[in-house]
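Hi everyone, thanks for coming. Please take a moment to look at the structure on the screen, and then I'll walk you through it.

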Amino acid sequence: MITQLTECVFAIDVPLPGNPLRNLNSFLIKGENRNLLIDTGFNMPECHEAIMNGLSEIGVNINSTDIFLTHLHSDHVGLAPAIASPESKIFMSRVDFELFSRFTDPNYFKEVDDIFLSLGLSKEELMDNKSVNPAMIYLPSTSAEYETIEDGRIFDLGTCRLECILTPGHTPGHMCLYDPDNKILFSGDHVLFGISPNITSWINMTDSLGAYLDSLKKIRELDVERTFSSHRTIEGDLKKRVDELLAHHHERLNEAEKSVKQRKSATVYEIASDMTWSIRAKDWESFPVAQKWFAIGEAHSHLEYLKTREVLKSEIKDGLIYYMPA
Ligand SMILES: [Zn+2]
């Protein structure tokens with residue numbers, strides 16, 4: 001299904017079967033000579049079909065279309081190599097590409113596993129997660145050439161000019177695209193209208209939540225009339241949503257801090273079990289393991305934010321990280 005948003009901007013509704021995100025809004029911008037497709041979906045048949053049908057409904061050919069990936073998550077990059085034609089360029093920020101290119105290295109996932117074990121996830125939960133976590137299953141199947149881009153890079157499509165804006169937080173190298181002439185922002189997963197973007201810990205980033213909140217404030221300053229986001233509700237009010245997301249994270253920070261103060265010393269697993277999550281499960285124990293994994297990463301980013309600002313401190317005992325009041 002496609003939705004025409006402006007004369008040259010279309011949204012393609014890409015289903016994400018079995019995933020709580022439900023769908024990806026992929027965007028096609030018609031250019032004078034070449035078009036730009038923003039994000040692609042998981043490497044799975046349902047996404048492939050939706051993108052190809054969408055492109056033909058819009059009446060564009062993949063041979064004259066390049067692909068821009070807002071960030072390294074597999075619901076955005078997964079399908080890119082499978083749909084790209086030999087003439088298509090695939091763009092990704094250098095920062096995310098450097099991490100993404102390590103996804104084929106078993107040592108990378110071992111490092112990530114070790115972090116999650118230190119946060120209190122059990123070995124059994126970690127193994128269960130590997131078999132169900134879509135982030136790990138629907139990665140691109142073939143290797144492809146990616147062209148890495150830096151903050152400030154301009155894409156001139158003839159019909160519009162798009163500026164790449166680095167917005168670290170959701171991933172270390174997440175990028176939004178901004179069309180200053182038409183006051184349009186493609187916000188990727190940086191700002192979502194139906195849900196709050198997941199902020200987690202990364203092996204190459206110490207304070208991802210701090211970076212995310214700074215990136216929200218940066219984007220709030222832009223002169224924007226229309227904002228198009230990657231999941232569920234396509235369009236919304238940027239400044240209002242940024243304010244809601246800032247307030248949301250300050251509430252979560254308060255919750256995390258309160259949990260640590262009550263428990264005096266606790267693992268991230270324990271603190272995450274005290275926090276409020278918008279997941280349909282009767283209690284923390286019955287959370288699906290992939291959701292526990294996301295919740296623990298999210299709790300960790302909040303605890304590291306508080307530690308960076310000397311509200312909390314941490315200590316490692318028997319391979320587990322414990323947080324306590326500073
Ligand atoms: Zn994402």
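A few ground rules come before that. This is a predicted model, so local features need pLDDT of at least 70, side-chain atom pairs count only at pLDDT 80 or more, and totals for chains, interfaces and linings use all residues. Residues are numbered from 1 along each chain as its sequence is written, and side-chain values use heavy atoms, with hydrogens and water left out.

Let's begin with the metal. Which protein atoms are the donors of the zinc ion? They are NE2 of His-71, ND1 of His-73, NE2 of His-170 and OD of Asp-189, at 2.1 to 2.3 Å from the ion. A donor here is an N, O or S atom within 2.8 Å of the metal (3.2 Å for Na, K and Ca), and because water is not among the atoms, sites may look incomplete. Along the chain, the donors follow the spacing H-x1-H-x96-H-x18-D. The angles that the 4 donor atoms subtend run from 86 to 173 degrees, so the arrangement is irregular. To count as tetrahedral, four donors need all angles between 85 and 135 degrees; four count as square planar and six as octahedral if opposite donors are over 155 degrees apart and all others between 65 and 115; anything else is irregular. Both His-71 and His-73 are buried, meaning under 20% relative accessible area, while exposed is over 50% and partly exposed is in between (1.4 Å probe, protein chains only).

Strands are DSSP runs of E with at least two residues, helices are runs of H or I with at least four, and both are numbered from the N terminus; two strands pair if DSSP finds at least two bridges between them. Strand 11 (residues 184-188) and strand 12 (residues 226-229) run parallel, joined by 4 bridges. Gly-188, for instance, has Ser-229 in strand 12 as its bridge partner.

On to the rings. How many aromatic pairs turn up in a search of the whole structure? The search finds 16. Rings of Phe, Tyr and Trp (its six-membered ring) pair if their centres lie within 6.5 Å; planes under 30 degrees apart are stacked, over 60 edge-to-face, and the rest tilted. Phe-100 and Tyr-146 have ring centres 5.3 Å apart and planes at 75 degrees, so they are edge-to-face. Phe-100 is in helix 4 (residues 94-100) and Tyr-146 in the loop between helix 7 (134-137) and strand 7 (147-149), so this pair ties together parts 46 residues apart in sequence. Phe-116 and Trp-293, with centres 4.7 Å apart and planes at 15 degrees, are stacked. Phe-116 lies in helix 5 (residues 106-118) and Trp-293 in helix 11 (residues 289-308), 177 residues apart.

Is Asp-113 buried or exposed? Asp-113, in helix 5, counts as buried at 14% relative accessibility. Glu-124, in helix 6 (residues 123-132), is exposed at 55%.
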